[in-house]
Amino acid sequence: MSATAAVHSLWTTAAAAAEPIAKIDAPKIEYGQLAPMLIVVGAAIVGITVEAFVPRKSRYYAQMFVSVVALAAAFAAVVALAANGYATTKAGIAAMGAIAVDGPALFLQGTILLTALVGLFTFAERRLDPEVHGNRVDSFAAQAAAVPGSESEKKAVRAGFTTTEVFPLLLFAVAGMLVFPAANDLLTLFVALEVLSLPLYLMCALARRKRLMSQEAAVKYFLLGAFASAFMLFGIALLYGYAGSMSYATIAQVVEGTVPEITPALAATTGNDALLLTGAALVVMGLLFKVGAVPFHMWTPDVYQGAPTPVTGFMAAATKVAAFGALLRILYVVLPGLRWDWRPVMWGVAIVTMLAGAIVAITQTDIKRLLAYSSIAHAGFILAGVIAATPSGISSVLFYLAAYSFVTIGAFAVVTLVRDAGGEATHLSKWAGLGRRSPLVAAVFAVFLLAFAGIPLTSGFSGKFAVFKAAAEGGAAPLVVIGVISSAIAAFFYIRVIVLMFFSEPRPEGPTVAVPSPLTTTAIAVGVAVTVVLGVAPQYFLELAGDAGVFVR
């Protein structure tokens, strides 16, 4: 009998002795509960098809239509899910354990979609720059692939090309952001992180003016983002090694020691706390990079300054919402059993972030860099709510994120209006006397700065009050004291800009304020309206965040 025949007979004998193979079940997907994400992904794919098949002249309008309809429809789907009880009584896990459909997920998804819709209006603005060769232009490069200053770039500008690919890129980023805070296993979390990050890296490089600075910003963001992703992936591998599962609920059970059945393999790893602590630290590190917390903040000022301003506004608002949502879910759902380990570390991160953001912002001379350090300080304030480790901590963070995102988009939309011959005039000296030259624009920007500073009757005050109250109730009163001191330091540089605008002499060669189209006007108006409403009458929205503040296991 040949060796081959012997092996074959062994196989057939083994197959006969074995149990019949169980039928493989088809995956069960709850399409209705995943509708917001599926609508946005579908629209992004339609946007790519538009780029391929629609004539260049019509692409801008086609992309605008697809993007606005998709974001509005996805928001309607979120509202419908919440109205049907998926935020409260029917909250559960969908897509075979990959996605959580619960209050925090739906609240954050709604915030991201509204923020993206307002941000989209600033992307589509085409009236701020003077016409070039008879064509209206936006904030994005005529042809992204052309070398800055080359003959091919000049030809693209003369031909009136525009980079309409930013619309599907925005939709892909939003799709990743919708999945990120709702992810219920580590693999989904990582895939969502990459889906939201890669379009942002690309969009940062697409500025029409100062293209080299824009490309430098994109390279910095990409390299540092890749490092953060690698840390996170390594942390995911260690947590999987510790718990033998990617599922949030299973890891939480293993951490707390409530697993129904401990296998010999699990018994060998669960005693190894080094795997758990190192893995948790690396995953949290990747998320802190995304929220821009110190010491993982070094990318923020350069990227905010170099990216096209509409992209900066969208990224500053929506990415923070998604990343804080994911961080809350990791700390509250996966690692509540490690609370005594992660809280002291988060205390340190929050204190350093608040103080560093506020102090370094004082030295800035560029308005976009100043807003970047302001966003770092705000990450510290939000972390104070995260540290509370109570239900009111969750709801206060949700409210703060909603309030902060609209103020941020409005502020960056105003920055796009102040222009000189070189494009946007972002140096602070150019803003001197703006209140006399354009009182309305200066007044609107002052409202946003007062909200950032946390002055009463603005959404910033309501948000800060909520997170500090939650932190104090959660036993972090010293953190609140440091937060108030940081707020006072931060108020100095916000009010300094207001004084510069209203009480300085305008320079004769100073910038002009461009007259925007209804798109940017709408973005700014929505920002002001949300800032005032959440400041004057925040109760309904605080209750909404409170009702939405329960994670599903």
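This is a predicted model: local features need pLDDT of at least 70, side-chain atom pairs count only at pLDDT 80 or more; totals for chains, interfaces and linings use all residues.
**Entry 1. Largest pocket**

I began with the open spaces. The largest pocket holds about 630 Å³ of space. I counted 27 residues in its lining, and those nearest the centre are Phe-75, Phe-107, Leu-114, Phe-541 and Leu-544. I then looked up which elements contribute. At least two lining residues each come from helix H3 (56–83), helix H4 (103–123), helix H16 (391–415), helix H21 (518–536) and helix H22 (539–547). H4 has the largest share of this lining, with 7 residues. I sorted the lining of the largest pocket by class and got 22 nonpolar, 4 polar and 1 charged residues.

**Entry 2. Second largest pocket**

I moved on to the next pocket. The second largest pocket has a volume of about 360 Å³. Its lining is made up of 16 residues, and I noted Lys-57, Tyr-60, Tyr-61, Arg-126 and Arg-136 as the ones nearest the centre. Which element gives the most to this lining? I found that H3 does, with 4 residues. H3 is also among the helices that supply at least two residues to the lining of the largest pocket. The class count for the second largest pocket is 6 nonpolar, 4 polar and 6 charged residues.

**Entry 3. Largest cavity**

I recorded 6 cavities of 30 Å³ or more. About 60 Å³ of space lies in the largest cavity. I listed its lining as His-378, Tyr-400, Ala-403, Tyr-404, Val-407, Ala-451, Phe-452, Ser-459 and Gly-460. Two or more of these residues come from each of H16, helix H18 (439–453) and helix H19 (459–473). H16 provides the largest share, 4 residues. H16 also supplies at least two residues to the lining of the largest pocket. By class, I have 6 nonpolar and 3 polar residues around the largest cavity, and no charged ones.

**Entry 4. Second largest cavity**

The second largest cavity contains about 40 Å³ of space. I wrote down Glu-125, Arg-126, Arg-127, Leu-128, Asp-129, Val-137, Asp-138, Ser-139 and Arg-419 as its lining. Arg-126 was already in my notes as one of the residues nearest the centre of the second largest pocket. How many residues of this cavity lining are charged? I count 6 charged residues, with 2 nonpolar and 1 polar making up the rest of the lining.

**Entry 5. Asp-185**

I turned to single residues. Asp-185 sits in the loop between helix H6 (166–179) and helix H7 (186–204). Is Asp-185 buried or exposed? I find that Asp-185 is buried, yet has no salt bridge. I looked for the nearest side chain of opposite charge and found Arg-329, 11 Å away. A salt bridge would need a side-chain nitrogen of Lys or Arg within 4 Å of a carboxyl oxygen.

**Entry 6. Ala-73**

Why does Ala-73 count as partly exposed? I put Ala-73 in that class because its relative accessibility is 31%, and the class runs between the 20% and 50% limits. I also checked its separation from Thr-163. Ala-73 and Thr-163 are 90 residues apart in sequence, and their C-alpha atoms are 25 Å apart in space.

Conventions. Residues are numbered from 1 along each chain as its sequence is written. Side-chain values use heavy atoms; hydrogens and water are left out. On a 1 Å grid over the protein atoms alone, a cavity is a set of points where a 1.4 Å probe fits but cannot get out, and a pocket is an open set with protein on both sides within 12 Å along at least five of seven lines; lining residues have an atom within 4 Å of a point. Grid points are joined across faces, edges and corners, and a volume is the space filled by probe spheres set on the points. Ala, Val, Leu, Ile, Met, Phe, Trp, Tyr, Cys and Pro count as nonpolar, Asp, Glu, Lys and Arg as charged, and the others, Gly among them, as polar. Buried means under 20% relative accessible area, exposed over 50%, partly exposed in between (1.4 Å probe, protein chains only). Lys and Arg count as positive and Asp and Glu as negative; His and the chain ends are not counted.
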